[in-house]
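Subject: Structure handover

Hello,

Here is the structure for you to look over. My notes on it follow below.

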Amino acid sequence: MPSPKEVKGRINSVTNTRKITAAMKMVASAKLHKAQQAIQNLLPYRQHLEQLLGELLSSQNGAKSAFTQVRQPRRVAIVTFASNQSLCGSFNANALKHTLTVIDEFKQAEQLQLYAIGKRLADALAKQGFACKGEFAHLSAKPTFREASALASTLMEQFENRQIDRVELVYFHFKNTAVQVPTRTTLLPVDLSGGGATTTATDYILEPSANELLARLLPKVVRMNLFTTLLDTVAAEHAARTMAMQIASDNADDLLQELQLIYNKSRQQAITSALLDMVGGQLNE
């Protein structure tokens, strides 16, 4: 059995580690709350915009846009989201697994472009032999609409010029603190037939034309969808880190209880041995 001094040193070490994990949990929880607020503030605008366009497309049968054209996916772009940092459980590992599954689905495509948002995921894909386009680690660290919009504009330009036929988003959807759902959605071509967009038979009188309105509003939808996905991933990351730090703190508590029991037994054994030595010494006299 280890000496009381050795056990006390381990107790101090575990206690210090628990303080760190508890602090990291509080930080991640605060960031999660902030990310949730950002999503909640953005969703009503996105939902109303999609509903408006869904009704517009249903009422204007002749309305067309380059961003709604469905083509054979010969050239595919996959935008995948994860984290720049570790200590968030299996979040990054599961993101890589989810991404590889989608990549495997399009292995017959003539061209495959990968955009990895998150340094950990980009490094992991590089080790798997996949080359990612661009450096987007900053988007995962501090997501901004301007930078997300710039990436969306690049993808829209390539789609419009037929350099790519489809853009897929691969990420984890934040459901609650304990659950992050692996999700895949199509960014381009834009599909407004579902996703909560209701269609009506209203005959709108439009100014300017329906095609011009689509040309102006559809890019907003694409940019908004990409930015919302980014915020969703950030929330999922902070939720995963909150849970990981909570589990680490709980494990530290369990370990402290075990070490305290070992420490008490060790002290008891040391005291008993000292008493036996004292009694033995007196008897010898």
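I271 has a relative accessible area of 45%, so I271 counts as partly exposed. I271 is found in helix α6, which covers residues 210-284. Together with L275 and M278, I271 forms a nonpolar patch on the surface. The accessible area of these three residues comes to about 300 Å². Please keep in mind throughout that this is a predicted model.

**Overall layout**

The protein has six helices and four strands. From the N terminus on, the order is α-β-α-β-α-α-α-β-β-α. The radius of gyration is 28 Å, while the globule rule gives 19 Å for 285 residues, so the protein is more spread out than a compact globule. Along the principal axes, the C-alpha atoms fill a box of roughly 115 × 40 × 25 Å.

- Buried residues account for 40% of the 285 residues.
- The accessible surface is about 16,100 Å², and 53% of that surface belongs to carbon and sulfur atoms.
- Take the contacts between residues at least 6 apart in sequence: 81% of them join residues at least 24 apart.

**Nonpolar cores**

In soluble globular proteins, nonpolar side chains tend to be buried together. Here the largest nonpolar core has 63 residues. Which residues have the most contacts inside this core? They are V79, L151, L155 and L188. Helix α6 gives the most to this core, with 17 residues. There is also a second, separate core of seven residues, and V7, V14, L256 and L259 are among them.

L188 deserves a look of its own. Its contacts, leaving aside neighbours within four places in sequence, are F67, L155, M156, F159, D165, R166, V167 and V222. P189 is found in the loop between β4 and α6.

**Salt bridges**

Side chains of opposite charge can pair when their charged atoms come close. The structure holds 12 salt bridges. Three of them are described here.

First, R75 and D165. Their side chains meet at 3.4 Å, N to O. R75 lies in strand β1 (residues 75-81), and D165 lies in the loop between α5 (145-160) and β3 (166-176), so the pair ties together parts that are 90 residues apart in sequence. Are these two residues buried or exposed? R75 is buried, and D165 is buried too.

Next, E105 and R184. The closest N and O atoms of this salt bridge are 2.5 Å apart. E105 lies in helix α2 (residues 91-105) and R184 in strand β4 (residues 179-188), so this pair ties together parts that are 79 residues apart in sequence. E105 counts as partly exposed because its relative accessibility is 47%. R184 has 31% relative accessibility, so R184 counts as partly exposed as well.

R184 also forms a salt bridge with E168, with the closest N and O atoms 2.8 Å apart. This pair links distant parts of the chain: E168 is in strand β3, R184 is in strand β4, and they are 16 residues apart. Why does E168 count as buried? Its relative accessible area is 1%, and buried means under 20%.

These residues belong to a wider set. E105, R166, E168 and R184 are linked in a network of salt bridges. R166 is also one of the contacts of L188.

**Backbone points to check**

Most residues other than glycine have a negative phi, and most peptide bonds are trans.

- L87 has a phi of about 60 degrees and is not a glycine. L87 lies in the loop between β1 and α2. Its relative accessibility is 48%, so L87 counts as partly exposed.
- R162 has a phi near 65 degrees, and R162 is a residue other than glycine. R162 lies in the loop between α5 and β3. With 47% relative accessibility, R162 counts as partly exposed.

Best wishes

Definitions and conventions. Residues are numbered from 1 along each chain as its sequence is written. This is a predicted model: local features need pLDDT of at least 70, side-chain atom pairs count only at pLDDT 80 or more; totals for chains, interfaces and linings use all residues. Side-chain values use heavy atoms; hydrogens and water are left out. Patches are made of residues with over 30% relative accessible area and no salt bridge: like charges are joined within 9 Å, nonpolar side chains (Val, Leu, Ile, Met, Phe, Trp, Tyr) within 5 Å. Accessible areas come from the Shrake-Rupley method with a 1.4 Å probe; for residues, only the protein chains shown count as cover. A salt bridge is a side-chain nitrogen of Lys or Arg within 4 Å of a carboxyl oxygen of Asp or Glu. Helices (H or I, at least four residues) and strands (E, at least two) are DSSP runs, numbered from the N terminus. Buried means under 20% relative accessible area, exposed over 50%, partly exposed in between (1.4 Å probe, protein chains only). A nonpolar core is a set of buried Ala, Val, Leu, Ile, Met, Phe, Trp, Tyr and Cys residues joined through side-chain atoms within 4.5 Å. Contact means heavy atoms within 4.5 Å. The radius of gyration is taken over C-alpha atoms; the globule rule is 2.2 Å times the number of residues to the power 0.38.
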